[in-house]
Amino acid sequence: MSRVRYFGRRILLSIPVLVLGGTFTFMVFRFSPVDPAAAIVGTAATEEGVAEYNRVRAELGLSQPVLDHYRAYMVDLFTLDLGQSWVVSQGTPVTELLNTYGLRTLWLTFWAVLIPIFVGIPLGVYAGLHANTKVDYAVSVFGIVWRAMPNFWLAIILLAVLSQSKSLLGFDWSGFIVDTSLIGTPDLTNLTTVDGFLEATKRILPPAIVLGSASMGSELRIARTAVLETINADYVENAKANGVPDRRVVWKHVLRNALVPLVPTVTNEAFLLIGGSVIVEVVFGIHGIGWLFFQAALNADMPLVTALVFVFIVVVVFINILQDVLYALIDPRVGYDAR
Amino acid sequence: MSDPLLSVENLRTTFHTDQETIRAVDGASFSVAPTETLGIVGESGSGKSVTARSILGLVEKPGRVHPDSAIRYHDPAFVQRIARAHPDATFWDDAVDDEPDEAFVTVHEGEQSGEKAVVERGSVDLVSAPDSVARQVRGSEIAMVSQDALSSLNPVYTVGNQIEELLGIHRGLSGREATETAEELLRNVGIPDPERRLREYPHQFSGGMQQRAVIALALACDPSVLVCDEPTTALDVTIQAQVLDLLARLKREQDLSVVFITHDIGVIAQVADSVAVMYAGEVVERAPVDRLFDAPKHPYTRGLLRSIPGLATTGDRLPTIEGSVPTPNEAATSCRFAPRCPEAFDACHEVHPDAVRVDGDRDSSADGDEPAGASGEHTAACLLYPSSLSTGERVERHGGDGRSGRTDRSSSARADGGTATDSEVSE
Amino acid sequence: MAGHTHSTDDRTRDEQPHARDDRPLSARVAETPRPAAIWLLGAAALLAVELGDIAGAVLSLGGMAVGAVAFSYSGTLSVATGGGTVGLVALAGVVVGFFVVGLGVATWTRVRALDRVTDRFSFRTRQLLDGVVFGAAVALATWVGVTAGVVEVLAAVGGVVQGLFRAVADLPTLTARETIPNRGYQTPDGTWHGTFLGLAPAYAWAVRVVVVYGYVAAALVWTWMGYLWYRAHYRRVDWTPRDDVVRRLRSHRWGQFGMVVTFLFLTLAVFAPSLATTTAQQNLYEPFSHSVTHYDAATDSVRETLVGTANLQTQSEGYAGANFGPMSYDQYDRFHPAGTLTNGKDLWTFLAYGARVSLVIGLLSIGVSAVLATVFSLFSAYYRGLVDLVLVVVGDTIMGVPRLLMLILLTVILSDTWIAGLYNGGILLALILAGTGWPFLWRSFRGPTLQIAEEEWVDAARSYGQSATGIMRLHMLPYLVGYLLIYSSLILGGVILAVAGLSFLGFGITAPTPEWGRAVNLGREYVASASWHISLIPGVMITLVVMGFNAMGDALRDAVDPKSDDGSASSTEADARGGGA
């Protein structure tokens, strides 16, 4: 089948996933042991309390029959009318919250994806090209340890080290290049200026390193394996036999092929970051979406929680499709009933 | 007798691992004359493919080619170029056989004048030459066509890209010129609609077309020798015939020498001018193709020929050779084929046979001054030959003491003129 | 199959590829009785030394099982008779349950009730009807039994058995804390009272640790020797593919690291009561119901203080005066190999029992995930089409929600239910992990299972009337087992990280049940201070354990895959042969 049809099929399959996801959030909202209205209003037994409670229930749609509520709910979701937060930030529409908080998480995940790509993959490639040497061994062990380390632990250790950077590392991290504090949300309003950019980047680097640590370990290993496999491939030998110089063999033939398994890895890791950002944001005090979710769950702000879950599902579906697109671009064999 | 284009002398390639040492090629010698097709035939495990890779210098750790081996390339233009670039490593020889160790270029006829040296006859030993020299051979002089065509082609680049890459490296072509030449190459190997094909990926080609594409890649380098490692094994019989015809035509048109490696002796009959039969890393018989089929001397060759359906006499069982090829771990102290040989006798298990001439009725023990294995000669490494001698004399001739056990190694060195295996016991 | 270089040589020597001895096991043992006798003797000795513990374990497991049965029985009964939609659902569930049991009975006993009566239905229908008949029969039998008082008889018998076990469980064992006690007090003249041989608690504890690990190691080694001897003397065939797996494992250095770490972790979890310096009951759960005997310098006498009070005095709070670091004693003559927590409890005991919690949750969640994933992959590979599609969509959706968020969400909304009370949230966590984790396993299994389903023997089995479940069980499942082991060990590390992360955030296992992640959280603020041990040590342990499980999974994967033999040596051989030409 042609590549277009292949994509069409993938996109088509995403729709039931979204529907199912929406249904799931609906069920959580409607049927969970936690009463959304009670969480918002409290359980005062006074007359106003009860009246308020019923009013909130009606507004949330909980007093409608299940099927009506379901229909309304799903329509809202798919028209991106995500409601508002009731507890964490009373009355604020979810979309507005997404904007403010989402931007910070985006900044964090952007760096958390970039750093492993530019540190982990080159290290892995180097290890693969020099397999079974001491350097290879050291790099591999580093990748494995980095991947196994719990990121919450790494976070607090890094924080401790940086806060004592003067005595431990010899220089003061807070004053390094730009003046920043260790904990707290980076200011993203001045990204276009040099100073603002530097400050925001420096603030986000430690949490990004922590968030990306598991990804870095994985990508390092996969890059190494990919390089090892391609180096021994027949077409590499053939190219050498036909006189292609070694340098070009590595850069043109080996790397391009080693890239192929890396694309799904990078995108997989990217989507794993969505969940992991909660811990990092909590430890480093960054008020991003993960932190928002954490607060919402803690306070049983059901409308916000369920809206956020649906948003995450949408993002994941999008990343999956992106992954397929990238993969098809990288590997010309995709979409063909090969052999 | 003119020089061969490529001569291999006493090639030894071993692989060292923690568990064992594998002597994949253990003292093979043969040569290829200009515009000749040499067929190398043998079962799997006989060392044929390793031989091909050794010639092209593709053997990497943990394998290595023993420095005593010699792979000589005799193309005068090439030798001249190398002699000019490495005057210190050039040995100008007129009569003497031995050459000093550091020289990897030997000139037999020419004028020594440093940068402006002229070479009319000579050779470069690719084994002792540095990597930079060996790299100049790959592609431009000797190119390879492998067995699995699809995996020989890089799956993520178009076929055109890969051909033009080689054209750029070897012929300095680029852009429009390169594309046109690439089209021409594809057309020449029989791929229809080459303009479109250039822009396609390897997996979009059929099996036969892939093989043709690989041949086109090899030819893009403009080589003088084409080493084909089982190029038709994975193909349909009809496609196989087409590819063989193609190779024959190309060889004629471009004056190529071909080293054709296969296990299919029937294919050998079709394509080869001369044949080398390999067994367990050694060349056991060497002959022009007609002679080999008319009068095979080595029992192994005879067994191979008997096992071709159709060629054999009638009967209800196809004769086979019992057992399978051993993987040699140690230096040969006996005939490696002896365990499977129907004509083996006691000494075969104790004495290692050298290659001796078995030309026609003149099974002589006289040594020629060419290394054994030169074109046109018929040699076999078997204790049954030279048949004109008695058994005891034959055993002595091959290096035994006529009665039992130990071979006297040192006396069998070099004096026989060629292919005695060396006396070290292990690596 | 066998990919050695030498097999071909062997074959030319003697034509049989593998010798096969078809005599029964007893005959083979009788021929060379010595190895078997020695091994049995050793095994008996090892068992005898720990008989008490084994009996105790059986007792508690049995107790749990009986409790579960009784609970579900009474629970179902009350719910079913309670009425309303829930009651109806429960009733329906009971009916379905009996049907399934009946189906099981019908399949296993291969008794065909309906066959004798009529020939009219197809094989499948007959099976289903058999199920109904047998299910009804079982239901009837149960009802009769219950009303006739079978339950009381069973209870009485159970009581007798329990008493027996209890007697055995009271026997002293080698690895018990009482055998080598490490708690005592020190009088001013320097002697220790109450500890093993009068050694200082640190040494006594060290001795006990050595004994426990030594015992487990000895038991493992002995089992391994038994396997080797069996293979050499008594096994029917000369060689099986498993031998290759074992051979590959033996030379896999990274895998051996994994095995060592796994061994250390598992022993810690299983033998936590013996390896900890004190018991969880005393120190963690009910500190105010136990007391510690110590020598009080102030009053120059031996006193007893409540453990809880003692803990309050031994908190580690980051500065020199209030810190009890690793390998230290406190003023109550207690030894702390890993220091104390911010609430004064012993960190090592916390970690040892925490290992148990992690292990239980990990095994439970993976067990359930694996079962779900296996069943689903078998179904999806066998039936394909719509079934596969539905599973793909469901699996993708579940995988689509970020796991940690899902965990947080579900933990929060289910926090008030009775399940959350089990094991302080542990069981709930395990179930949620299983529910969110099966798609990953299933995806990994799907590939190989699809391949197997396409094999010809599956078609052959179908053609001669083998049932779907039969095919799945007999022809497809055995090939999955290898993959099961590999992927399970690979995700075990992830499960441990998830649980720790959740506990760190405060959502997972609640106090006082120990969990490593929570320890890290407790010590969060003190990382840069004198009490660095509270966060650092658990973190290091988590890292090591996860690395160990990953290493094991890698080693298993390399060992089971025959192509991986072409790792070092054989790929050279392939090269030497010119790449297989």
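Reader: At about what angle to E9 does helix H8 of chain B run?
Author: This is a predicted model, in which local features need pLDDT of at least 70 and side-chain atom pairs count only at pLDDT 80 or more, while totals for chains, interfaces and linings use all residues. Residues are numbered from 1 along each chain as its sequence is written, with chains lettered from A and ligands numbered from 1 in the order in which they are written. Helices (H or I, at least four residues) and strands (E, at least two) are DSSP runs numbered from the N terminus, and axes are lines fitted to C-alpha atoms, for helices over the stretch in contact, with angles from 0 to 180 degrees between N-to-C directions. Helix H8 (residues 207-220) lies across E9 and strand E10 (225-229) of chain B, and its angle to E9(B) is about 170°.

Reader: Which strands stand at the edges of the chain B sheet, and in what order do its eight strands come?
Author: The order in this open, mixed sheet is E9-E10-E11-E3-E12-E13-E15-E14. Each edge strand has a single partner (a pair needs at least two DSSP bridges), so one side of each is left without a neighbour; these are E9 and E14 of chain B.

Reader: What is the bridge partner of Leu38(B) in E11(B)?
Author: Strands E3 (37-41) and E11 (257-262) of chain B run parallel and are joined by five bridges. In E11(B), Leu38(B) is partnered by Val259(B).

Reader: Is Glu230(B) buried or exposed?
Author: Glu230(B), in the loop between E10 and helix H9 of chain B, has a positive phi of about 50° though it is not a glycine. A residue with 20 or more other C-beta atoms within 10 Å of its own, placed from the backbone, is buried; with 12 or fewer it is exposed, and in between partly exposed. Because Glu230(B) has 24 C-beta neighbours inside 10 Å, it is buried.

Reader: And is Asp255(B) buried or exposed?
Author: Asp255(B), also not a glycine, has a positive phi of about 55° and lies in the loop between H9 and E11 of chain B. With 10 other C-beta atoms within 10 Å, Asp255(B) is exposed.

Methods. Two residues are in contact if their C-beta atoms, placed from the backbone, lie within 7 Å.
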